[in-house]
Amino acid sequence: MAEQQLSAIAADGATLAVSVQGGGEPLLLIPGLGATRRVFDPLAPALSARHRVIRFDPRGVGDSQRGSATLSMAVLAADAVTVISAASGFGAVDVFGASMG
């Protein structure tokens with residue numbers, strides 16, 4: 001299935017770049033500190049056979065804007081919720097993160 005490119009708008013107006021691929025139960029992949037969503041490129045095709053794989057660039061990394069919010073784990077967690085809402089249409093998703101992701 002082709003990868004779809006989306007944008008999610010964070011509470012402070014920052015635009016977060018999102019890629020969605022596949023169908024089935026949603027799976028959010030969160031990259032580690034300083035990494036883009038492309039770090040999961042080797043895994044996404046296999047995972048997308050059974051899941052709706054959602055990947056995003058954290059704020060200030062890759063194609064996502066930095067925004068005006070003071071960076072904190074709470075802000076980064078809120079960004080993940082924003083991405084889930086924009087990309088899945090589901091209230092709950094499975095999450096896989098690397099490092100602090």
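Rings of Phe, Tyr and Trp (its six-membered ring) are said to pair if their centres lie within 6.5 Å, and planes over 60 degrees apart count as edge-to-face. The model described here is predicted. By that definition, it holds 1 aromatic pair.

**The aromatic pair**
- The ring centres of Phe40 and Phe96 are 6.1 Å apart and the planes stand at 70°, so the pair is edge-to-face.
- Distant parts of the chain are linked by this pair, since Phe40 belongs to the loop between E3 and helix H1 (44-47), while Phe96 belongs to strand E5 (residues 94-97), 56 residues apart.
- Phe40 is buried, at a relative accessible area of 4%, whereas Phe96 is partly exposed at 42%.

**Strand pairing**
- Strand E2 (residues 15-21) is mostly covered, with 6 of its 7 residues buried.
- Strand E1 (residues 4-9) runs antiparallel to E2, and 6 bridges join the two.
- E1 and E2 form a hairpin with 5 residues between them, and Gly13 in the turn has a positive phi of about 95°.
- E2 is also joined to strand E4 (residues 51-56) by 4 bridges, again in antiparallel fashion.
- Ser19 in E2 is the bridge partner of Gln5, and Ser19 also stands opposite Arg55 in E4.

**The nonpolar core**
- The largest nonpolar core has 15 residues, and those with the most contacts inside it are Val18, Leu28, Ile54, Phe56 and Val83.
- Two or more residues come from each of E2, strand E3 (25-30), E4 and helix H2 (73-87), and H2 gives the most, with 4 residues.
- Not counting residues up to four places away in sequence, Ile54 touches several residues, including Val18, Leu28 and Val83.

**Salt bridges**
- The whole structure contains 8 salt bridges.
- Arg37 and Asp57 meet through their side chains at 2.5 Å, N to O; Arg37 lies in the loop between E3 and H1 and Asp57 in the loop between E4 and H2, so the pair ties together parts that are 20 residues apart in sequence.
- Both partners are buried, Arg37 at 4% relative accessibility and Asp57 at 2%.
- Arg37 also forms a salt bridge with Asp63, with the closest N and O atoms 3.5 Å apart; Asp63 is exposed, with a relative accessible area of 58%.
- Arg55 forms a salt bridge with Asp41, with the closest N and O atoms 2.6 Å apart.
- Arg55 is buried at 1% relative accessible area, while Asp41 is partly exposed at 35%.
- A network of salt bridges links Glu3, Arg38, Asp41 and Arg55.

Key: Residues are numbered from 1 along each chain as its sequence is written. This is a predicted model: local features need pLDDT of at least 70, side-chain atom pairs count only at pLDDT 80 or more; totals for chains, interfaces and linings use all residues. Side-chain values use heavy atoms; hydrogens and water are left out. Buried means under 20% relative accessible area, exposed over 50%, partly exposed in between (1.4 Å probe, protein chains only). Two strands pair if DSSP finds at least two bridges between them. A nonpolar core is a set of buried Ala, Val, Leu, Ile, Met, Phe, Trp, Tyr and Cys residues joined through side-chain atoms within 4.5 Å. Contact means heavy atoms within 4.5 Å. Rings of Phe, Tyr and Trp (its six-membered ring) pair if their centres lie within 6.5 Å; planes under 30 degrees apart count as stacked, over 60 as edge-to-face and the rest as tilted. A salt bridge is a side-chain nitrogen of Lys or Arg within 4 Å of a carboxyl oxygen of Asp or Glu.
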